[in-house]
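Dear colleague,

Please find below the sequence and the structure that I am handing over to you.

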Amino acid sequence: MDKKTVKLILNILKIIVSIVLVVASTVSLLGATLISVARDYLQSEQFTTQIETTDLSTVKFMIDGEKVTVIDFAREKASEYIQDKMPSFYPFGNHAVDAIVTPNLVNTVIKTEVYKLVDYFLNTKVEDAEYRIENNITLEQNEELNVEKAETPEDALSVYARLMVLRTIENTAGMSTDNFIILISEKTVSKLITLAVVLLVVLVIVNITTIFNNLLYGGIVGLLYGIVIKVAQGKFDEWNAGVEDLVGYVFLKPLADEYSANATIGFIVGIVLIVLFVGVYFLFKNFVNKDKE
């Protein structure tokens, strides 16, 4: 095998490895961005304002394939609770339930639970979540979510509200809440950022003999990063077509919009790096190498 053939094979391998590193580093950056932006948003004044200005008793969610308002769901569960725990009140039927479970009560309880859940997801120790996963402790087995231990209708409503949100999250994410806690933890963000940096450093080392190619690969990372975010935002709207009144869309749409700034940064960085690569390429081709000739 002559030197030209060996060199060609090595160049092809270098390109393949570089493309793999570009894709892997982009995925890592996207993962870190997805989680960090979500964490910041859930602790932002914008999210708090949305919670405070929304009547959470009227928002809808999907259960058994049907849209149900939170107030209707709460009254149904309250009726079951009263029938089981306070049978003397049950003969009054819907009047008792309506008198106890008012829209104002539901709105207040749900808002309180939302803040508790945000704190639960963002500040629960990863070690605690890992312990529950290792021991197969499900939502139903979590003592804090045992409605049987509720002492008042308000306490029962709080438990039902928490379970409703947690189950919705599990169904939407396709994973347990503990796995979700680990996924969106700061620990995961740090791992993804570290991985992305390592991959980019390796990319630079692989192309050390053609160092300016890193401008091209860096530009591809930026463009790919921005494109994926924009495609994901479009898919989000597509998947939620016709269910814009559901609670998931109502509260996730502003979060989805938050990623637009990151996509713009990706596009700008990508375009700048590719323009620099083209500029350097023509500089060497038309001036540096030409002078040597």
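This is a predicted model: local features need pLDDT of at least 70, side-chain atom pairs count only at pLDDT 80 or more; totals for chains, interfaces and linings use all residues.

Residues are numbered from 1 along each chain as its sequence is written, and side-chain values use heavy atoms, with hydrogens and water left out.

Side chains of opposite charge can pair when their charged atoms come close. A salt bridge is counted here when a side-chain nitrogen of Lys or Arg lies within 4 Å of a carboxyl oxygen of Asp or Glu. The whole structure holds eight salt bridges. In one of them, D245 meets K60 at 3.6 Å, N to O. Because D245 lies in the loop between α10 (213-239) and α11, and K60 in strand β1 (residues 60-63), this pair ties together parts that are 185 residues apart in sequence. Helices (H or I, at least four residues) and strands (E, at least two) are DSSP runs, numbered from the N terminus.

D245 also forms a salt bridge with K67, at 3.1 Å, N to O. K67 lies in strand β2 (residues 66-69) and D245 in the loop between α10 and α11, so the pair ties together parts that are 178 residues apart in sequence. K67 is partly exposed at 38% relative accessibility, and D245 is partly exposed with a relative accessible area of 31%. Together, K60, K67 and D245 are linked in a network of salt bridges.

**Helix α6 and its buried side**

Which residues of helix α6 (residues 126-134) are buried? They are V126, A129 and R132. These residues cover an arc of only 125 degrees around the axis, which puts them on the same side of α6; the arc is that of the directions from the helix axis to the C-beta atoms. An α-helix has 3.6 residues a turn, so residues three or four places apart point the same way. On the other side of α6, Y131 and E134 are exposed.

The cover over the buried residues of α6 includes α5 (103-123) and α8 (177-183), where contact means heavy atoms within 4.5 Å. R132 forms a salt bridge with D178, and their closest N and O atoms are 2.8 Å apart. This pair links distant parts of the chain, with D178 in helix α8 and R132 in helix α6, 46 residues apart. D178 is buried, with a relative accessible area of 5%, and R132 is buried at 15%.

**An aromatic cluster**

Rings of Phe, Tyr and Trp (its six-membered ring) pair if their centres lie within 6.5 Å; planes under 30 degrees apart count as stacked, over 60 as edge-to-face and the rest as tilted. By this rule there are six aromatic pairs. The ring centres of Y41 and F47 are 5.6 Å apart and the planes stand at 65 degrees, so this pair is edge-to-face. Both Y41 and F47 are buried. Y41, F47 and F251 form one aromatic cluster, and F251 is buried as well.

Yours sincerely

Note on methods: Buried means under 20% relative accessible area, exposed over 50%, partly exposed in between (1.4 Å probe, protein chains only).
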